[in-house]
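Work through these exercises with the model open beside you. Try each task before reading its solution.

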Amino acid sequence: MTVQPALHRQHCSIAAPTQLWLDADGRLGGTDSAAATGVGSADAAAAGAGWFTGLLHGDTRMLCRAEVRVNGMAPEPASVEAEAGGVLRVRGLVRGIPGPTEDPAVELVQTWTVTPGVVRHTLQVNTSFDALDVEIEVRLAADFTDMAAIRLSRFRQPFAPFAADDSALRWRDGARTLTVAASGSVAAGERLLWRGTAGRGRPFEAEWQAVLADTEDAVVAARPPTSRRPRAEPSGALGLLLDNALDELAGLRLASRQLPDAPFLAAGAPWYFTLFGRDSLWAARLLLPLDAGLAGGTLRTLAAFQGTGNDPAAAEEPGKILHELRSKELVLESQGLRLPPIYYGAVDSTPLWLCLLGELGRAGTDDSTVRALLPNAARAAEWLLAAGDAGHAGANGGFLSYQDTTGHGLSNQGWKDSGDAMQFRNGRQADGPIALSEVQGYAYQAAVETAELFDAYGEPGGQALRDFAEALKQAFRERFWMEDEGGLFPAMALDGHGDPLDVPGSNMGHLLGTGILDASESRLVADRLLSPELFSGFGVHTISRRAAGFWPFSYHCGSVWSHDTAIAIRGLLAEGFLAEARILAEGLLQAAASFDHRLPELFAGVPSDESGRAVPYPASCHPQAWSSASAVVIAQAMGVGF
């Protein structure tokens, strides 16, 4: 059985495309890797189910071990502290060196500083002795394990360096290289070694750095952010959350090799450290009040990869916006996935691209980008109309729907993309093709926004989009609305037979603010979102607690996703439900306090009245772009202006 590594107790520092992951005690190397244990891949999978550590660059873990000893002894962990700018500070005590009293006599402070492609590690020995001879040793190993293999807890054996001298160790795996430099300190056996003297008030210090590169990676570091801060800085828990979020988002900035001047946000660390259509678009939408340049860069990058032909293996269609970009094929055997480097298997990325372009146009902050992207908008609009028309031949008449035809693509192609995400109240899985409720809302808003954009710039096609939007709105009202003991609600989706999924889900929150609902329908959605079956006290459950398939530790069937709740907050604000938006925002703010004032990708759907703190979902990514960007919406709901 495959068990994803747990992440919730790990410490990370990121500066895209580079990541540092330490274990709960601040160590790099240990239980996860065959490199550390010398065992084969099967045993390593069992050993690695706890967590993984390492220095990663792009889609590869390069350095898998950097074990530190002081006078032959490992430091006893004391604390791990994160600081802005990609810094982790690890404090430990070397308890094997007895001092003049029972107090610890030797402290080791390790400071990791992560910048794109370069990681510095400084070591400082402090002591209460008047004089102490010190030897610091760092044992290194590099394994170049792909991210997909790490997700399956499969780790490669370590590589031998191809070059070494007294100042550097060098490893290579194809186009991927790792250089560890420490002038005069490289010793035999892939070790770094320093000797000196420390004393009271006179620390002994050493430093080395790792340079990581992949000349074939699809993404590169982006320029630093230029986003502006709120007009009035919030304080307390909200201020801490916003500060942490903006620092995390700065570390997630990437660009493509094709357009290095067009920044976007990597979806999240560690698994999704690249361009994802819906994730990067939603993050840019949430951050639009702060950073219009990020919105423009995200739109431009996605437009550069817009579909031009029909390729079922890649789910590519003319005008379609991609789902994800990688440098090579992604293979996840446990999920039966084999995705090409540019994969278009998302039904929502194209309407979301049009929504963001329309919002950027209305903001009036980047006319040149909007004007330059009008041809791409025309092609995306053609895809939107064609995708709606394609449904007329089946039970989902006129709705945007999806179905994987390859057998090795994503079976679900909305944001809830796990295999069991779309189910009925009794737990039965929905058959395809599936028409998601929120995607119809995105499509409605996209059509209206794009029609207005075309009119404003004197482009043709606006009326066809308005006709499409009106027909979609009417069909949605007729087909998606259901009633249960809690009243009327919009179903999560229609299955391939045209039957609505008879269980409330968080998808309905995405409909708010799109324009597809009237005022009375929006009121029903607002009330249902805040009902006990969907609101945990910390955020909105992905699916009703009444569903047979509900489980608080299910990825998409009972957990709470930070961005999902934030999108509902954004919609509530747009519809004028200010009190309801604030309730959800306060819930997320309380949840963030459980995670050091940060918002992970998701957390367990354990209600707040059962647990005073939000319960982690162990494999949750952190930081995740749209989760960190959610801090802006929370602040807006709490009355902060941008």
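**Exercise 1. Is Ile136 buried or exposed, and what surrounds it?**

Step 1. Ile136 has a relative accessible area of 0%, so Ile136 is buried. Buried means under 20% relative accessible area, exposed means over 50%, and partly exposed lies in between (1.4 Å probe, protein chains only).

Step 2. Find its element. Ile136 is in strand β9, residues 132-146. Helices (H or I, at least four residues) and strands (E, at least two) are DSSP runs, numbered from the N terminus.

Step 3. List the contacts, meaning heavy atoms within 4.5 Å. Leaving aside neighbours within four places in sequence, Ile136 touches Val68, Arg69, Leu123, Val125, Leu192, Leu193, Trp194, Phe204 and Ala206.

Step 4. Ile136 and Ala206 are 70 residues apart in sequence, yet their C-alphas are 8.1 Å apart.

Before going on, note the ground rules. This is a predicted model, in which local features need pLDDT of at least 70, side-chain atom pairs count only at pLDDT 80 or more, and totals for chains, interfaces and linings use all residues. Residues are numbered from 1 along each chain as its sequence is written, and side-chain values use heavy atoms, with hydrogens and water left out.

**Exercise 2. Where can the coordinates be read in detail?**

Step 1. Take the average. pLDDT is the predictor's confidence in each residue, from 0 to 100. The chain averages 93, and 95% of the residues score at least 70.

Step 2. Apply the rule. Where pLDDT is low, predicted coordinates should not be read in detail.

**Exercise 3. Which strands lie at the edges of the 7-strand open sheet?**

Step 1. Write down the order: β1-β2-β3-β4-β9-β14-β13, with antiparallel pairing. Two strands pair if DSSP finds at least two bridges between them.

Step 2. Read off the edges. β1 (11-15) and β13 (186-187) each pair on one side only.

Step 3. Look at one pairing inside the sheet. β2 (residues 18-22) and β3 (residues 54-57) are joined antiparallel by 4 bridges. Leu20 stands opposite Leu55 in β3.

**Exercise 4. How are β5 and β6 connected?**

Step 1. Count the bridges. β5 (residues 76-83) and β6 (residues 87-93) run antiparallel, with 7 bridges. Pro77 stands opposite Gly92 in β6.

Step 2. Inspect the turn. The two strands form a hairpin with 3 residues between them. Gly85 in that turn has a positive phi of about 85°.

**Exercise 5. What does the side chain of Arg326 contact?**

Step 1. Locate the residue. Arg326 sits in the loop between β19 (324-325) and β20 (330-332).

Step 2. Judge burial. At 7% relative accessibility, Arg326 counts as buried.

Step 3. Find the polar partner. The Arg326 side chain makes a polar contact of 2.8 Å with the side chain of Glu324. A polar contact is a pair of N or O atoms within 3.5 Å; within protein, one must be able to donate a hydrogen and the other to accept it, and residues adjacent in sequence count only if both atoms are side-chain atoms.
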